[in-house]
Amino acid sequence: MFRKIATEMFRNIVTVIVTAGATVVWLAAAPGRVSAQTPAAPGDVVGVGGFSHIVENVERSVAFYRDVLGLEMTNPPRAFESTPWIIDMGNTPGSQSRPAILHIPGSKLGVELIDYKDIDRQTAHPRFQDPGAASLILTVRDMDAMMAKLKAAHAHVNSKGGEPATIAGANGSRGRVVFVQDPDGFFIEISQRDPAPPTTAPDSSNITGAAFETIVADLDQTLHIYRDILRFQTQPPTSFDGTKLLMDTAGTPGAQFRRSSATIPGTSVTMAFMEFKDIDRKPLHTRVQDPGTAILQVGVRDIDATVKALKTAGVTVVSKNGETVLNGSSRFCMLRDPNNLFLELFQPGPRPQ
């Protein structure tokens with residue numbers, strides 16, 4: 001959403017996002033197989049803005065993402081505001097909201113933490129296997145240093161034994177991987193890879209790159225939406241895998257999973273879709289304002305055509321009256337996919353002459 005800076009950012013986003021570089025895709029599933037992605041060709045989708053988390057308390061979340069994990073934050077959270085176009089886009093009548101915008105070293109993918117008030121909210125507490133659970137994936141230079149900070153902050157470690165697992169990959173590569181949860185229950189996968197991938201992150205940063213993933217109810221249905229409608233460049237689904245080390249590391253013992261990854265058109269940003277079986281699953285069904293909701297911001301060329309195609313594929317329009325919202329010369333629409341991942345579509349307005 002990016003609030004007050006939205007219009008200016010969206011005017012420039014098509015030229016900025018083509019340099020976005022996510023360097024990991026669920027290392028625990030496929031260590032050593034990931035390489036830097038070349039930008040996907042833009043089609044109807046032209047880029048990605050950010051990955052948003054709805055949280056219970058923005059200051060508490062900032063303390064975790066900035067002070068514990070090490071994300072960068074230029075400006076403090078803004079005050080609560082009641083902004084008409086944001087209210088209509090998310091269909092949150094009467095609400096006020098405030099964002100905190102953070103940057104990930106080594107990645108153009110942004111993270112936005114959003115807090116709401118003056119509206120009913122129901123916090124979701126997903127487990128990693130639940131459709132709708134969404135995870136940020138971070139690569140680090142020094143896992144031991146990261147674990148020391150997580151333990152000092154009493155962060156919840158999901159992995160068995162509360163420690164990273166060492167996973168062997170292809171071509172002699174290795175990775176240390178751990179899954180943790182933030183104060184609102186969002187999952188974060190942290191990995192240290194050997195050999196280390198290239199990065200643009202400064203030497204002072206332990207974080208060197210990022211991607212994200214979402215858990216889905218039906219991988220084939222999900223790929224129809226993202227591959228066939230949105231034209232994400234997807235990889236074929238893997239077979240179900242129940243390797244004990246992988247499942248213990250993810251905190252899903254006894255389960256099996258299959259996955260696919262995708263590159264977002266116009267960018268090098270990578271996301272992954274995972275489907276579980278042989279484990280209890282409870283799909284999320286949240287509203288925009290509910291803590292635990294995840295939102296992906298996607299830029300499109302023709303918002304009317306994209307919304308129409310997504311509705312046909314079973315995606316629900318959330319915005320007021322099922323219509324797009326105007327902010328300046330840019331247009332927005334909020335939708336919810338069948339897995340409860342919210343898609344904030346935006347069509348940038350024409351550049352000023």
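1. In helix H2 of this predicted model, the buried residues are Val58, Ser61, Val62, Phe64, Tyr65, Val68 and Leu69. An α-helix has 3.6 residues a turn, so residues three or four places apart point the same way.

2. Helix H2 covers residues 58–69, and its 12 residues reach 15 Å from the first C-alpha to the last, which is close to the 16 Å expected at 1.5 Å a residue. At the start of H2, a side-chain oxygen of Asn57 comes to within 3.1 Å of the backbone nitrogen of Glu59, while just after the helix Gly70 adopts a positive phi of about 100 degrees.

3. How many of the eight residues of strand S3 are buried? In this strand, which spans residues 110–117, seven are buried, and S3 is therefore mostly covered if buried is taken as under 20% relative accessible area. Strand S1 (residues 45–55) runs parallel to S3 and is joined to S3 by six bridges, with Ile54 standing opposite Ile114.

4. Strand S2 (residues 96–103) runs antiparallel to S3, and eight bridges join the two; Ser97 has Tyr116 of S3 as its bridge partner. The hairpin formed by S2 and S3 has six residues between the strands, and in this hairpin Gly106 takes a positive phi near 80 degrees.

5. Asp115 forms a salt bridge with Arg121, the closest N and O atoms being 3.3 Å apart. Asp115 is buried, with a relative accessible area of 3%, whereas Arg121 is partly exposed at 24%.

6. Two further salt bridges deserve a look, from the 19 that a search of the whole structure finds. Side chains of opposite charge can pair when their charged atoms come close. In one case, Asp248 and Lys160 meet through their side chains at 3.8 Å, N to O; because Asp248 belongs to helix H6 (residues 244–250) and Lys160 to the loop between strand S5 (156–157) and strand S6 (165–168), this pair ties together parts that are 88 residues apart in sequence. Asp248 is buried, with a relative accessible area of 12%, but Lys160 counts as exposed at 58% relative accessibility.

7. In the other case, Arg258 and Asp220 form a salt bridge in which the closest N and O atoms are 3.3 Å apart. This pair links distant parts of the chain, with Arg258 in strand S11 (residues 256–263) and Asp220 in helix H5 (residues 219–229), 38 residues apart. At 13% relative accessibility Arg258 counts as buried, and Asp220, at 45%, counts as partly exposed. Elsewhere, salt bridges that share partners join Glu59, Arg98, Asp115 and Arg121 into one network.

8. Turning to the rings, a search of the whole structure finds nine aromatic pairs. The rings of Trp85 and Phe332 have centres 4.5 Å apart and planes at 35 degrees, so this pair is classed as tilted. Since Trp85 lies in helix H3 (residues 84–90) and Phe332 in strand S16 (residues 330–336), the pair ties together parts that are 247 residues apart in sequence. Trp85 counts as buried at 10% relative accessibility, and Phe332 counts as buried at 0%.

9. The rings of Phe128 and Phe276 have centres 5.8 Å apart and planes at 80 degrees, so this pair is edge-to-face. The two residues lie in distant parts of the chain, 148 residues apart, with Phe128 in the loop between S3 and strand S4 (134–140) and Phe276 in strand S12 (residues 270–277). Phe128 is buried, with a relative accessible area of 1%, and Phe276 counts as buried at 1% relative accessibility.

10. Which residues do ring pairs link into a cluster with Phe128 and Phe276? The cluster also contains Phe179, Phe187 and Phe257. A ring contact of another kind involves Lys277, whose charged end sits over the ring of Phe240, 4.4 Å from its centre.

Notes
Residues are numbered from 1 along each chain as its sequence is written. This is a predicted model: local features need pLDDT of at least 70, side-chain atom pairs count only at pLDDT 80 or more; totals for chains, interfaces and linings use all residues. Side-chain values use heavy atoms; hydrogens and water are left out. Buried means under 20% relative accessible area, exposed over 50%, partly exposed in between (1.4 Å probe, protein chains only). Helices (H or I, at least four residues) and strands (E, at least two) are DSSP runs, numbered from the N terminus. Two strands pair if DSSP finds at least two bridges between them. Rings of Phe, Tyr and Trp (its six-membered ring) pair if their centres lie within 6.5 Å; planes under 30 degrees apart count as stacked, over 60 as edge-to-face and the rest as tilted. A charge sits over a ring if NZ of Lys or CZ of Arg is within 6 Å of the ring centre and within 35 degrees of the ring normal. A salt bridge is a side-chain nitrogen of Lys or Arg within 4 Å of a carboxyl oxygen of Asp or Glu. The expected span of a helix is 1.5 Å times one less than its number of residues. A polar contact is a pair of N or O atoms within 3.5 Å; within protein, one must be able to donate a hydrogen and the other to accept it, and residues adjacent in sequence count only if both atoms are side-chain atoms.
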